[in-house]
Amino acid sequence: MVPLRVRSYFSLLRGTASPADLCRAARSYGYESLALTDIDNLYGLWDFLAACRQEDLRAIIGAEIGENAFGAPVVCLVTDRNGYKNLCRLITRRKMSQEMLSVKESLFEGLILLTSDAALLGNLHEAGLSVAADVGCRP
């Protein structure tokens, strides 16, 4: 089964549920893994990890990097420790400035990038990054 990607109430004006509520719901629907992808933050990460352990779900760490960073929203899913470090750097850079990021930067190592923007999807793929089409946050 494909993992479910959700936002919690840490995505202001976009999410309404706590990480624990999301994990409970995912388990009740039979999901085995869940990706928390709040917008430009990892504020709910520790609650999410605890809730995933409680519900016996595989936690996928991620975040949505808002529109101004890439020209279109990009969801970053962590694949390893280096990816987590790079995601933290991307979020920090996003908070510190509104500059566009280059797809040639090494900040994308250890991350799978998801976007619904066809042109950006092609650009990221051509740059040799791990990328996939994003179908959104709804199951």
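Because the model is predicted, local features need pLDDT of at least 70 and side-chain atom pairs count only at pLDDT 80 or more, whereas totals for chains, interfaces and linings use all residues. Residues are numbered from 1 along each chain as its sequence is written, and side-chain values use heavy atoms, with hydrogens and water left out.

Let me begin with the sheet, which is open and has 6 strands in the order β1-β2-β3-β4-β5-β6, with mixed pairing; strands here are DSSP runs of E with at least two residues, helices are runs of H or I with at least four, and both are numbered from the N terminus. Two strands pair if DSSP finds at least two bridges between them, and the edge strands, β1 and β6 (131-133), each pair on one side only. Inside the sheet, β2 and β3 (residues 58-65) run parallel and are joined by 4 bridges, with Ala35 standing opposite Ile60 in β3.

Now the helices: α4 packs on the sheet and touches β3, β4 (74-78) and β5 (111-115), where contact means heavy atoms within 4.5 Å. The direction of α4 makes about 30° with that of β3, the axes being lines fitted to C-alpha atoms, for helices over the stretch in contact, and the angles running from 0 to 180 degrees between N-to-C directions. Helix α5 (residues 118-126) also packs on the sheet, touching β4, β5 and β6, and its direction makes about 160° with that of β6.

Within α4 (residues 81-96) sits Leu90, which is buried at a relative accessible area of 1%; buried means under 20%, exposed over 50% and partly exposed in between, with a 1.4 Å probe and protein chains only.

In helix α1 (residues 19-28), the buried residues are Pro19, Leu22, Cys23 and Ala26. They cover an arc of only 100° around the axis, so they lie on the same side of α1, the arc being that of the directions from the helix axis to the C-beta atoms. Their cover includes β1 (4-6), β2 (33-36) and α2 (45-55).

Finally, which residues touch the most other members of the largest nonpolar core? Of its 32 residues, they are Leu34, Cys76, Leu87 and Leu113, a nonpolar core being a set of buried Ala, Val, Leu, Ile, Met, Phe, Trp, Tyr and Cys residues joined through side-chain atoms within 4.5 Å. The most is given to this core by α2, with 5 residues.
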